[in-house]
There are 2 protein chains.
Amino acid sequence: MAPPAFVKIPEGLKPAGVSGSQLLKIERQKASFDSREMAEYIHGKDWLDMQARLLEILENDPVFDKSSDFYLSRTDKFRRAMLKDKRLAQLTHEHNWGQTEVQVAEKLADLPGPFGLHKSMFLTTLYNQGDDEQRKAFWEPAKNYEIIGCYAQTELGHGSNVQGIETTATWVPETQEWEVNSPTLTSSKWWIGGLGRTADHAVVMAQLIIHGKSYGPHPLVVQIRDVKTREPLPGRTIGDIGPKAGYNTTDNGFLLFDHVRVPHFNLLARFSKVEPETGKYLPPPNSKLAYGTLTWVRANIVRDASSVLMRAVTVAIRYCAIRRQFADKDAPKFDEGGRPLETQVLDYTMVQIRLFPILAQAFAFHYTSQFMFDLYTRNQANIESGDLSLLADTHASSSGLKSLTTLYASDAIEVCRKACGGHGYSKSSGLPDFFADYLPQATWEGDSYMLSQQCTRYLFKTMRELKKDPSRVDDNLTKDYMMRYLDNRGEKASVKFSGDLYDPLFFMKAFGHRAAYLTEQALHLRDDAKRSWNSLLVELYKCSRAHSQYLIVRNFGMAIYKDEKLNSKPALRQIVQKIFLLFACHTMEQEGADFLASGYIDGAQFHLLGSKVQEIMAELRPNAIALVDSFAVPDYLLNSSLGRSDGNVYEALFDFAIREPLNSAKWNVDINDMQTTDFDSDLPRSKL
Amino acid sequence: MAPPAFVKIPEGLKPAGVSGSQLLKIERQKASFDSREMAEYIHGKDWLDMQARLLEILENDPVFDKSSDFYLSRTDKFRRAMLKDKRLAQLTHEHNWGQTEVQVAEKLADLPGPFGLHKSMFLTTLYNQGDDEQRKAFWEPAKNYEIIGCYAQTELGHGSNVQGIETTATWVPETQEWEVNSPTLTSSKWWIGGLGRTADHAVVMAQLIIHGKSYGPHPLVVQIRDVKTREPLPGRTIGDIGPKAGYNTTDNGFLLFDHVRVPHFNLLARFSKVEPETGKYLPPPNSKLAYGTLTWVRANIVRDASSVLMRAVTVAIRYCAIRRQFADKDAPKFDEGGRPLETQVLDYTMVQIRLFPILAQAFAFHYTSQFMFDLYTRNQANIESGDLSLLADTHASSSGLKSLTTLYASDAIEVCRKACGGHGYSKSSGLPDFFADYLPQATWEGDSYMLSQQCTRYLFKTMRELKKDPSRVDDNLTKDYMMRYLDNRGEKASVKFSGDLYDPLFFMKAFGHRAAYLTEQALHLRDDAKRSWNSLLVELYKCSRAHSQYLIVRNFGMAIYKDEKLNSKPALRQIVQKIFLLFACHTMEQEGADFLASGYIDGAQFHLLGSKVQEIMAELRPNAIALVDSFAVPDYLLNSSLGRSDGNVYEALFDFAIREPLNSAKWNVDINDMQTTDFDSDLPRSKL
């Protein structure tokens, strides 16, 4: 339910000039393609139907009403999120939703709640790493919410470096138990989602110590709270870690163990095991299999990055088509009464150059996430038939792409917010909280800067092997562009005129050449100049970035060539090809120094890129609103007064303002009186 | 007062390994210079003494205690800010503080409050634009807080374009009054600081209409609330505009007028006037004089940008010296017990490349803000003796510098936050709220992208005139670098080895050449290719940016050559020179495409810049902690568990966590029960 209105606005006032809804209508008529058809091409009809079905359910259930969220304190927001998570669990059961429906419903509800990690990491780990008996003992009750869990890996002093965690699980042969302990303050589990106030069980990553010998981090199930009373069990110190930039509807928690005993049974034993009688450690058969799941998780992250860009840029582009600022002195326009009209902000090239490339990135990441899901499926099939040849390339590329796309996406939200001018700063724009909630993506599942090293390590390995004996290297995209480079290091771009910039193959070759060039340069420093790994981190990051950009350009380019669904719809193909060109030219211009410094392009060619970008932006301008419409982000998800599909921006801003709780009280401004609300206030006086 | 602790932590636990406080001690011993001496060089001894004096007062007054702020709802935070603003007013009177003391005290208290705009824009406008009688009637009571005001310019539909505001003040000859009116929804005053719940008076910018003719926006004083009852007066609709990304301790408000009458006297009349008997409009004698004040405001903004960088990078560098992650495989270190030691994160070059350039920018902006204050003083003196020759250059440069430095600074806070890894996301790091509160700087006082056009318009004008007849152009820095370029367009950098990159003059020449080159290119498109202004906005922005970067490099470089205070202290000079080189090389590398594309440098020279950056970062590393110490940002202002000068990071994170109010309740996680806190909770059940 929306909070009450505390201020009454005079009736009959309208926004000046052409209304937002009229403007969007005009914009939509300008499109060269059908936005519903484009939406079906991007998302598929089945997915759009499913989204509509879920939306119908959520929008009609008061638990999922969003109209009060921006005004609540953290405690009240957390309460809302818990109610919402309970209701989602009920609905999942009621409608028998599968994994995709649950994911989409959670995305739409958009309030990351206390059961989030229970549903993802806790259940997944119990299922994947528990043996049959453990699945029965832990996974089954967890699936039915009879126990609620969390995944306790990160520690106060230990994030990315899992090997360095301090929590120990020491084998007690006498009782055949594990003794879980936190030896220091920094060994406290920290940041664990759902741990603070919610979970009664935890999968705890701890250093396994048997007969004085350490076997590295392993997962154990530890009960932490009484399921009925919710009190922490003896030896566990638990709490929420306090307010964060965002994600405050999740109770990230801390957890200290004081010599807590759990039975032998609680060490998850699908892969590595310990013999209860002897304490003998039996290692897992193949440690690389886990990489498959990682690729899947990262494909999801890249898809999320695409949908984050879609959401942010929908808000900004719609609002910039409604917002007007300054008359155009070179080409003035007038309203019906002959008064000078201010220009739509979206007509300013300085606004376009900030927003249209983000629109293009949304498409680009979309194709790359499809590529990753496809790769994941092929790779899993290969693994099952014993073929590990795709594994390393898949894993390396997924590391680089996770790193690149999450940094892009978090920056892009803020660019969109700034492009909305002052009103972007209002929470009612939807962008500030969206930004704050998205930020952890660049840190979790591997800090984006750390992770890129895994990608470059593989690039180095491949380049080294190719220089020795290419015939012994498995075929894949990386080998492909590196071989092309090694065969023709001195290659130069052949474009002379803006019109030469149209062929996806040109950009694929250019980005492949650059990725291989940077890798060879960095490898030279490592292998020949014998520079230390740590002194080369900046170069390593650039290699991973260049490789990932190559993949994104390549996957987008291949869609232009080969996507049959696209090629059967000329109106769609024409516009998507323009978007590809914008993405490729703009990215190449942004990274221009690399291409110039290697001699691949010269100054004149560099300037061609900039002109081409502007040329395509002008062509895209009439289609801008139809393009964001085709992203099919519902108003319910946007939750933005600026991004509304009906364009009634100014009415929405007022409606948001009058419900602000501050407006419910009169405040005492007398500087000599330290009481703040003397006048019939219904606000409680602060205790602080 | 800090909120109570809801969780008890077991006693005796310590962080693993060397403690944070010990680590910072070791770091401080490595410095090649005295950080107190550097602090005195940067800030001056008088300023440091004043900061210490103010700190003593604020830290010992419970009204300024910050320990509860991160946990409060908006309403409670607003109450805190109002108390704080009242107490600041009392202290200002008590201690007879001048403008600088008030500014510094407000910065230290760091809670932008409801009286902020009263103290700045309201008082300033009344004083500068009111005639003697108006000063007496309005400014004097306002100065004594007998009336509280706000500055109502921006409207819901009108930000940067002040000429486009819709509020009207129509002359009523019969009664010699102004009738103030809001004809539309978009004409509502919006974003006005202190208006929402606090102000009883407003300076209202309205289109002056006399006998049917419009004279553009003018400031009028309008009473809006009853001073005693705090009720809005008839015809005024007022409220707070609702929660924002930050700045929630200020009540930004909206205001609609329904044909409100004020007397003739209320039009501020120091410059333009209206004759009460005839309604005749008398324009101001010289409209350019106001630019002086603008320069002063922008010099303040550039200085703030510098101190924002200092504050953010102090947090990140200190924490990265304490945080350890992964052992160095190339050069492993061991603790006293022979266990492998993880590397201090600050030793990673990928962390250095993100933080050290920000440290260098803080120095760079510091010198440029000094330059601007100096320019302001010289310019004001000139104006008083009738010499307007400096005006245009000063105004243009201040526009470009405001634009560039605020965008840099807001990005830098987020870079620092990311460099702190997961813990940067906790509010206790101090960075999330700091970022959110700083963001408006890039939008207000002129949107940074819009504003840059004013700079480039001047650059175009100067370039055009120089090509016609240089002798008729006044001497200034812009003429200087443009003439140098026009005399030698084909100039090329002469550096061959890394050792050649040491001379500030080289960088000044390079940045000057680039700024002139970009200006000439863009001017060619405008004047010869007859491109429209709006189609060139991207190029215009690049010119302003290049000009501003030239100024920053130039001002920093001149300090290395000529700053006597610096040159009398060899230990300081040595380190500041390195910081200059880092700033210049890194900026040049970042903007490398421009220098490469114009042919000023080639690929080999470009790579030299990157190597030089890494070489200097390694040299700066041992001085990193001493350098941030020399910024003299007190712990009270940092308000950060990660940036504390004593290094006790992990203890502080725990102390922050245990006070989180969520921890005061037990939560009911039963998915079939929609009650959330069944168990002896002391949290009020939400009404929503």
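Reply: In this predicted model, the area buried between domain 1 of chain A and domain 2 of chain A is about 1300 Å², and carbon and sulfur atoms give 63% of that area. On the side of domain 1 of chain A, the residues that lose the most area to domain 2 of chain A are Arg74(A), Pro112(A) and His118(A), which together make up 50% of what that side buries. The domain assignment of chain A places domain 1 at 24-118, domain 2 at 129-285 and domain 3 at 292-327 + 342-467 + 501-629. Between domain 1 of chain A and domain 2 of chain A, the C-alpha centres are 33 Å apart, and the contact involves 13 residues of domain 1 and 18 residues of domain 2.

The side chains of Arg74(A) and Asp240(A) meet in a salt bridge, with 2.9 Å from N to O.

Helix 9 (residues 349-384) of chain A packs with helix 15 (residues 537-562) of chain A at an angle of about 90°, the axes being 8 Å apart, which makes helix 9 of chain A roughly perpendicular to helix 15 of chain A. From helix 9 of chain A, the contact includes Phe363(A), Phe365(A), Tyr367(A) and Phe371(A), and among the residues they meet in helix 15 of chain A are Leu551(A), Ile552(A) and Phe556(A). By class, the residues of this contact of helix 9 with helix 15 of chain A are ten nonpolar, two polar and one charged.

In chain B, the axes of helix 2 (residues 35-43) and helix 3 (residues 45-59) come within 7 Å and cross at roughly 100°, and helix 2 of chain B and helix 3 of chain B are therefore roughly perpendicular to each other. The contact of helix 2 of chain B with helix 3 of chain B has three nonpolar, one polar and four charged residues. Helix 2 of chain B contributes Arg36(B), Ala39(B), Glu40(B) and His43(B), which meet Lys45(B), Trp47(B), Leu48(B) and Asp49(B) in helix 3 of chain B.

Between the chains, the contact takes 150 residues from chain A and 150 residues from chain B, and the area buried there is about 12400 Å², with 66% given by carbon and sulfur atoms. Six salt bridges are counted between chain A and chain B. Lys666(B) forms a salt bridge with Glu231(A), with the closest N and O atoms 3.1 Å apart. Over all chains, the count comes to 82 salt bridges.

Key:
Residues are numbered from 1 along each chain as its sequence is written. Chains are lettered from A and ligands numbered from 1 in the order in which they are written. This is a predicted model: local features need pLDDT of at least 70, side-chain atom pairs count only at pLDDT 80 or more; totals for chains, interfaces and linings use all residues. Side-chain values use heavy atoms; hydrogens and water are left out. Axes are lines fitted to C-alpha atoms, for helices over the stretch in contact, and angles run from 0 to 180 degrees between N-to-C directions. Helices (H or I, at least four residues) and strands (E, at least two) are DSSP runs, numbered from the N terminus. Angles under 35 degrees count as roughly parallel, over 145 as roughly antiparallel, 65 to 115 as roughly perpendicular and the rest as oblique. Contact means heavy atoms within 4.5 Å. Ala, Val, Leu, Ile, Met, Phe, Trp, Tyr, Cys and Pro count as nonpolar, Asp, Glu, Lys and Arg as charged, and the others, Gly among them, as polar. Domain bounds come from an automatic or database domain assignment. Buried area is the accessible area (1.4 Å probe) that two parts lose on being put together, summed over both. A salt bridge is a side-chain nitrogen of Lys or Arg within 4 Å of a carboxyl oxygen of Asp or Glu.
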